[in-house]
Amino acid sequence: MRNFEKSNKLDGVSYDVRGPVLEEADRMQEEGIRILKLNTGNPAPFGFDAPNEVVRDMIMNVRNSEGYSDSKGIFSARKAIEQYCQVKGFPNVTINDIYTGNGVSELISMCMQGLLNNGDEVLVPMPDYPLWTASVSLAGGNPVHYICDEQAEWNPDIDDIKAKVTPNTKAIVLINPNNPTGALYPKEILEQIVEIARQNDLIIFSDEIYDRLVMDGLTHIPIATLAPDLFVVTLNGLSKSHRVAGFRCGWMVLSGNKKHVKGYIEGLNMLASMRLCSNVLSQQIIQTALGGYQSVDDLLLPGGRVYEQREFIYNAINDIPGLSAVKPKAAFYIFPKIDVERFNIYDDEKFVLDFLHEHHILLVHGGGFNWTQPDHFRIVYLPKMEDLKITANKCRKFHTDKNKR
Ligand code: PLP
């Protein structure tokens, strides 16, 4: 019999947020060990319920959602997204520039598949949400990582971006607010990225799925609003802000100057048609979700669960000798730095596996976010406070013990 191997297209493609470390955690769970899984930003299992009105809307619309919709999505959803973009100041967006997707994930893959030829380069942040790197590779492109600088609150390093542009660079990806660092980019940085894109004819892809999850009275600036003369693709969705990651509800918006991207848009339309449409029942809730008051706001203010948990984990990590972390401004992740020399850590995946085996908590190593040094890991700070306290205590114990060895 023939052996069937995975396709060559998957060479070099990885997605470690659900990779080997999760497989090991699952294996341990099968043995009856309780594992606290802090590997995915999935609010619902941690007791963050979806807003009642959103769930009610979905239930009311089951009968209306039995058929396929237009490939780009139903009118009410796209109209609501268009209005959301108008309020935020996106330039040149009509309902035809909006595509709904089965989560942002599907659209990330679609927009890379539609754009890249073998060898095309895309600038991707490091660390990144690894689906971007994986999708560039799967589409035949070369992900070229630009550094986000921990010393500068994890903002993109503009000189590094400039140094990495080549004649093969087609696009730059931004994740703002950022996963895994929790950074929120200021206007000056965004403007400089726009200028690089302008000078080098790059498409900007901006993943803004955390735009409604910003703390400390700060404001998120969509990069599209600073680039009316460029072509920008902005991605967003309800998984995080409305705690409905399982509904698979996302969208992308094409804004700015579209004169020179007609061929690419044709490709996107074809890919959207080939998957027929995104889940229609999930599209039904977009209008209700985006209209008016955003229920996530209460979680992000002092006294709110996400805010208080961010305060706790930030202080707890910085209190452990040998660990340090920049304070996240948005989303629900923190990306601590480990003093690797002090603890003799040379392999971050091994570090995460050791922690899993000893303390039954699943983290993701920095390498899972394409961070090349073995000196970072990501904590999702969504679990309730008592679990976060256990996590922080075990982290402290692990590192104290390691210091003694
Ligand atoms: N983009 C970023 C930056 C994310 O962190 C995630 C999920 O963690 C996604 C996209 C995927 O979102 P969706 O659930 O809409 O597929």
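A pocket, as the word is used here, is an open set of points on a 1 Å grid over the protein atoms alone, with protein on both sides within 12 Å along at least five of seven lines. In this predicted model, the largest pocket has a volume of about 470 Å³. Its lining is made up of 23 residues, and those closest to the centre of the pocket are Tyr 15, Ser 105, Tyr 129, Lys 240 and Arg 248. Divided by class, the lining of the largest pocket holds ten nonpolar, eight polar and five charged residues, and helix 4 provides the largest share of that lining, with four residues.

It is in the largest pocket that the ligand sits. The ligand is surrounded by 13 residues, of which Val 104, Ser 105, Asp 207, Tyr 210 and Ser 239 are the closest. Helix 4, which spans residues 103-113, also gives the largest share of this shell, namely three residues, while the shell as a whole consists of six nonpolar, four polar and three charged residues.

Turning to individual atom pairs, a polar side-chain atom of Ser 105 lies 2.5 Å from an oxygen atom of the ligand. For Asn 179, a polar side-chain atom is found 2.7 Å from a ligand oxygen atom, and for Arg 248 the distance from a polar side-chain atom to an oxygen atom of the ligand is likewise 2.7 Å. Of the 400 Å² of accessible area that the ligand has on its own, the protein covers 94%.

Technical notes. Residues numbered from 1 in each chain as written. Predicted model: local features only at pLDDT ≥ 70, side-chain atom pairs only at ≥ 80, totals over all residues. Heavy atoms only, no water. Near = heavy atom within 4 Å. Polar contact = N/O pair within 3.5 Å; in protein donor to acceptor, adjacent residues only side chain to side chain. Areas by Shrake-Rupley, 256 points an atom, 1.4 Å probe, with all protein chains shown as cover. 1 Å grid on protein atoms, 1.4 Å probe; cavity = no way out; pocket = protein on both sides within 12 Å on 5 of 7 lines; lining within 4 Å. Sits in = over half its atoms within 2 Å of the grid points. Helix = DSSP H or I, 4+ residues; strand = E, 2+ residues; numbered from the N terminus. Nonpolar A, V, L, I, M, F, W, Y, C, P; charged D, E, K, R; others polar. Points joined across faces, edges and corners; volume = space filled by probe spheres on them.
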